[in-house]
Amino acid sequence: MDINPTEILGYLASLFVLLSFFYKDIRKLRIINSVGCAFFVAYGIMLPSIPVIITNVAILLVNGYYLFWKKSKKEG
């Protein structure tokens with residue numbers, strides 16, 4: 001069984017996205033999910049696969065919005 005670096009990155013990305021759904025704390029869920037999405041962006045670049053890249057960049061932006069921008073609006 002020959003596993004290349006691209007496949008390893010894909011499995012790692014999948015693992016982080018899966019693990020994120022075990023968290024009840026939405027902030028931790030978004031952080032772990034963002035790590036998985038960042039790995040998926042790198043995976044999409046290595047393939048190359050534009051749909052994988054676009055989808056995961058969009059999810060990263062949504063997570064970033066709720067983690068950083070929305071949080072600062074709530075505090076201010």
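1. Is Ala58 buried, partly exposed or exposed? In this predicted model, Ala58 is partly exposed, because its relative accessible area is 38%, a value between the limits of 20% for buried and 50% for exposed. The residue belongs to helix H3, which covers residues 50–75.

2. The overall architecture may be described next. The secondary structure of the protein chain consists of three helices and zero strands. Read from the N terminus, the order of the elements is α-α-α. The C-alpha trace spans about 50 × 25 × 15 Å along its principal axes.

3. Burial and surface deserve a joint remark. Of the 76 residues in the protein chain, 28% are buried. The accessible surface of the chain amounts to about 5500 Å², and carbon and sulfur atoms account for 70% of that surface.

4. Contacts across the sequence can also be summarised. When contacts in the protein chain between residues at least 6 apart in sequence are considered, 46% of them join residues at least 24 apart.

5. Which residues does Asn56 touch, leaving aside its neighbours within four places in sequence? Asn56 is in contact with Cys37, Phe40 and Val41. Asn56 itself is placed in helix H3. With a relative accessible area of 9%, Asn56 is buried, since the cut-off for that class is under 20%.

6. Phe40, one of the contacts of Asn56, is likewise a buried residue, with a relative accessible area of 17%. Phe40 and Tyr43 both lie in helix H2, which runs over residues 26–46. The two are three residues apart, so about one helical turn separates them.

7. The aromatic residues form a further topic. A search of the whole structure finds four aromatic pairs. One of these joins Phe40 and Tyr43: the ring centres are 6.0 Å apart and the planes stand at 70°, so the pair is edge-to-face. Another is formed by Tyr65 and Tyr66, whose ring centres are 4.9 Å apart and whose planes stand at 80°, so this pair is edge-to-face as well. The angle decides the label, because planes over 60 degrees apart count as edge-to-face.

8. Which residues do ring pairs link into a cluster? The cluster consists of Tyr65, Tyr66 and Trp69. Tyr65 is partly exposed, with a relative accessible area of 32%. Tyr66 is also classed as partly exposed, at 40% relative accessibility.

9. Is Ile45 buried or exposed? Ile45 is exposed, because its relative accessible area is 55% and the class begins over 50%. This residue is found in helix H2. The C-alpha atoms of Ile45 and Ala13 are separated by 13 Å, the two residues being 32 apart along the chain.

10. The last point concerns charge. The protein chain carries 8 positive and 4 negative charges. The mean position of the positive charges and that of the negative charges are 19 Å apart.

Definitions and conventions. Residues numbered from 1 in each chain as written. Predicted model: local features only at pLDDT ≥ 70, side-chain atom pairs only at ≥ 80, totals over all residues. Heavy atoms only, no water. Phe/Tyr/Trp six-rings, centres within 6.5 Å; stacked < 30°, edge-to-face > 60°. Helix = DSSP H or I, 4+ residues; strand = E, 2+ residues; numbered from the N terminus. Buried < 20%, exposed > 50% of the residue type's maximum accessible area, 1.4 Å probe, protein only. Contact = heavy atoms within 4.5 Å. Areas by Shrake-Rupley, 256 points an atom, 1.4 Å probe, with all protein chains shown as cover. Lys, Arg positive; Asp, Glu negative; His and termini not counted. Charge placed at Lys NZ, Arg CZ, Asp CG, Glu CD.
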